[in-house]
Amino acid sequence: MLTSADADLIRVLADPLRLRIVTLLARETLCTTHLIEETGAKQTNLSNHLKVLRESGIVETEPCGRFVYYRLKPEALATLAGQFTDLAEAARTTVENNTKRSCP
C-alpha cells in the first residue's frame, strides 16, 4: 500500500529536471558543475532541485574540497519500486480472478 511518504516521493520525482538528475546520479556521483553541464539548467535552479532531492532522502552529499558531490541513495528508490511491484501484483491477481464489486 502506498503511503503519504511514497506519494511525496512520487511528486518529487514527477518533475522532469529532478527525474533527469536522478537518472544521471544513478550512473555516477556528480558535482553541481557536472549536473549543470549535463542538464543545461541554471545553477540556482539546479541547487533548488538538489535541495528538494536531499530533503526527500533521494540523494546525499559528499563534500570534496570546494565541491559538493551528489549521489543517489538506492534504498529510497528500491522502497518505492517495491511498493509499485506490490500494486502490480495485486492488479494482476484482480485481473486473473476477475475480482469486481457488484453494483447495488
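The structure is a predicted model. Three strands make up an open antiparallel sheet, ordered E1-E3-E2. Helix H4 lies across E2 and E3, and helix H5 has 23 residues.

**The sheet**
- Strands of a sheet pair through backbone hydrogen bonds, in either a parallel or an antiparallel sense.
- In the order E1-E3-E2, the pairing is antiparallel.
- Strand E1 (30-31) and strand E2 (59-64) stand at the edges with a single partner strand each, so one side of each has no neighbour in the sheet.
- Six bridges join E2 and strand E3 (residues 67-72) in the antiparallel sense.
- Cys 64 has Phe 67, in E3, as its bridge partner.
- Helix H4 (residues 43-55), which lies across E2 and E3, runs at about 115° to E2.

**Helix H5**
- Helix H5 spans residues 74-96 and reaches 32 Å from its first C-alpha to its last, close to the 33 Å expected at 1.5 Å a residue.
- Ala 76, Leu 80 and Gln 83 are buried in H5.
- An α-helix has 3.6 residues a turn, so residues three or four places apart point the same way.
- Helix H1 (4-14) is included in what covers the buried residues of H5.

**Thr 32**
- Thr 32 belongs to helix H3 (residues 32-39).
- Because its relative accessible area is 17%, under the 20% cut-off, Thr 32 counts as buried.
- Beyond its neighbours within four places in sequence, Thr 32 is in contact with Gln 43, Leu 46, Leu 50, Val 68 and Tyr 70.

Definitions and conventions: Residues numbered from 1 in each chain as written. Predicted model: local features only at pLDDT ≥ 70, side-chain atom pairs only at ≥ 80, totals over all residues. Heavy atoms only, no water. Helix = DSSP H or I, 4+ residues; strand = E, 2+ residues; numbered from the N terminus. Buried < 20%, exposed > 50% of the residue type's maximum accessible area, 1.4 Å probe, protein only. Contact = heavy atoms within 4.5 Å. Expected span 1.5 Å × (residues − 1). Pairing = 2+ DSSP bridges. Axes fitted to C-alpha atoms, helices over the stretch in contact; angles between N-to-C directions.
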